[in-house]
Amino acid sequence: FETVYRSMSKEAAEPVKELFTDISLYLLGAQTRVEKAFFRFFDSLFPLVYSRLINPGITDLSEEYTECLRLTRQDINPFGRYSKETVTELAKSLRASRTFNQALSVGIEVLNATEHAALTKECSRALVKMQYCPHCQGLTLIRPCEGYCLNVMRGCFASVSELDAPWREYIYTLEHLSNEMAGAHDLELVLLGIRYSINEAILHAQLNGPQLSATVNTVMPQPSPRCSNPKLLKQVRKVGLTSLNHAKEFINYMKRSRTLYASLTERLCDGDLVMKDSSTCWNGEDVVER
C-alpha cells in the first residue's frame with residue numbers, strides 16, 4: 001500500500017494490522033477462523049478501493065455509506081477469484097503452523113511434568129544408600145559402581161522411561177510436520193505472497209470499475225444511505241506475531257533428544273556420579289574390584 005497505493009495506505013493500515021493480529025491469534029490457538037479474518041479484511045478494503053481508485057473524485061464517504069459498502073462486498077464480489085484464492089492457500093499453511101505450535105506446547109508440558117517427577121520412599125532410600133553409605137565407613141573418595149548406579153536409577157525412573165516409545169513417535173511427528181511446513185505449506189512464503197494476491201485483487205476491481213460502480217449505484221442509489229443493522233467489526237487487539245523462523249533448527253536439535261527417556265538412566269549415571277577412572281567402586285555393600 002505504501003509503495004503502490006499511497007492514496008489509501010494510511011486508511012489501510014488498521015485493516016492490515018487487524019488481519020495480522022487475527023493471524024497471530026489463530027497461530028496461538030484462538031478459536032477463530034482464517035476465512036473470517038480475510039473476509040473482514042476484504043470488507044474493509046472495498047470502500048477504500050471504491051473511493052480512492054475506482055471513483056477518486058469522491059472526497060469523503062459517510063460512515064453509513066462506507067458500512068454499506070462493507071456489508072455488500074461479498075455479494076458484489078469486487079475482487080473476483082483472487083480474494084478466495086488468497087484465503088485458501090494461506091489457510092492450509094496456517095493450519096499446519098497452528099498444529100506445529102500446539103504440538104510444541106504438548107512437548108513443553110511433558111518435559112515440565114517429568115522434570116519434577118516425584119521420588120518414592122524406596123527410591124530415596126536407594127539413592128542415599130548408593131551415595132552416602134560409603135561415607136559411614138570413611139570411604140569418601142569411593143564412588144558407586146556404574147552397574148549399581150544404573151540399577152538404582154532404573155528403579156527410580158521406571159515410570160518415566162515408559163515415555164520412551166510415545167516420545168520417539170512425538171519427535172517423528174514433529175519432523176514430519178516440519179517438513180510439510182517447509183514444503184508446500186511454507187508459512188513465510190505464503191505470508192510474503194499475500195501482497196501479490198491483494199495487488200491482483202485490487203487490479204481486478206480497477207479493471208471492472210465501471211461495472212462495479214453501476215452495481216453499487218443500483219444497490220445503494222442514495223449518496224449517503226443508512227444501512228439497517230450495521231455491523232461493528234472493529235476489534236482492537238494487540239498481539240505480537242510469533243516467529244517460526246527457527247523451526248528447522250529447532251527440529252534438528254529435537255532429533256538429538258529422540259532417546260531422551262530411554263537414555264535417562266545412562267545420562268544420570270554418567271560423569272562425576274560414578275567411578276570412571278579407578279579399578280574399585282562401591283556396590284551398595286562393599287568396595288569391590290570393577
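Predicted model: local features only at pLDDT ≥ 70, side-chain atom pairs only at ≥ 80, totals over all residues.

I take helices (H or I, at least four residues) and strands (E, at least two) as DSSP runs, numbered from the N terminus. Residues are numbered from 1 along each chain as its sequence is written, and side-chain values use heavy atoms, with hydrogens and water left out.

**Entry: disulfides**

I searched the whole structure for disulfides (pairs of cysteine sulfur atoms within 2.5 Å) and found three. For accessibility I call a residue buried under 20% relative accessible area, exposed over 50% and partly exposed in between (1.4 Å probe, protein chains only).

I looked up Cys 123 and found it joined to Cys 156, with an S to S distance of 1.9 Å. The S-S torsion of Cys 123 and Cys 156 is about 105°, so I noted the link as right-handed. Cys 123 and Cys 156 are both buried.

Next I checked Cys 145, which forms a disulfide with Cys 281, the sulfur atoms being 2.0 Å apart. Cys 145 is in the loop between α5 and α6 and Cys 281 in strand β1 (residues 280-282), so the bond ties parts that are 136 residues apart in sequence. With a torsion of about 90° about the S-S bond, the Cys 145 and Cys 281 disulfide is right-handed. Both Cys 145 and Cys 281 are buried.

The remaining link I recorded joins Cys 149 to Cys 269, S to S 2.0 Å. Which hand does the link of Cys 149 and Cys 269 have? The torsion about its S-S bond is -90°, and the link is left-handed. Cys 149 belongs to helix α6, and Cys 269 to the loop between α12 (264-268) and β1, 120 residues apart. Cys 149 and Cys 269 are buried.

Cys 133 is in no disulfide; its nearest cysteine sulfur belongs to Cys 136, 5.4 Å away. Cys 133 is partly exposed, at 29% relative accessibility. Cys 136 is likewise in no disulfide, with the sulfur of Cys 133 nearest at 5.4 Å. At 70% relative accessibility, Cys 136 counts as exposed.

**Entry: salt bridges**

My salt bridge is a side-chain nitrogen of Lys or Arg within 4 Å of a carboxyl oxygen of Asp or Glu. The structure has 11 of them, and I wrote up a few.

Arg 95 and Glu 35 pair at 3.0 Å, N to O. Arg 95 lies in helix α4 (residues 81-115) and Glu 35 in helix α2 (residues 34-54), so the bridge ties parts 60 residues apart in sequence. Arg 95 is partly exposed at 41% relative accessible area, and Glu 35 is buried at 16%.

Arg 73 bridges to Asp 43, with the closest N and O atoms 2.8 Å apart. Arg 73 is in helix α3 (residues 63-76) and Asp 43 in helix α2, 30 residues apart. Are these two buried or exposed? Arg 73 is buried at 3% relative accessibility, and Asp 43 is buried at 7%.

Arg 168 meets Asp 164 at 2.9 Å, N to O. Arg 168 and Asp 164 are four residues apart in helix α8 (residues 164-182), so about one helical turn separates them. Arg 168 is partly exposed at 32%, while Asp 164 is buried at 18%. I also noted that salt bridges with shared partners join Arg 33, Glu 35 and Arg 95 into one network.

**Entry: the second largest pocket**

On a 1 Å grid over the protein atoms alone, a pocket is an open set of points where a 1.4 Å probe fits, with protein on both sides within 12 Å along at least five of seven lines; lining residues have an atom within 4 Å of a point. Points are joined across faces, edges and corners, and the volume is the space filled by probe spheres set on them.

The second largest pocket has a volume of about 570 Å³. I counted 20 lining residues, with Phe 1, Val 16, Ile 194, Arg 195 and Ile 198 nearest its centre. Helices α1 (9-27) and α9 (187-207) each supply at least two residues of this lining, and α9 gives the most, with eight.

I sorted the lining by type, counting Ala, Val, Leu, Ile, Met, Phe, Trp, Tyr, Cys and Pro as nonpolar, Asp, Glu, Lys and Arg as charged, and the others, Gly among them, as polar. The lining of the second largest pocket has 15 nonpolar, three polar and two charged residues.
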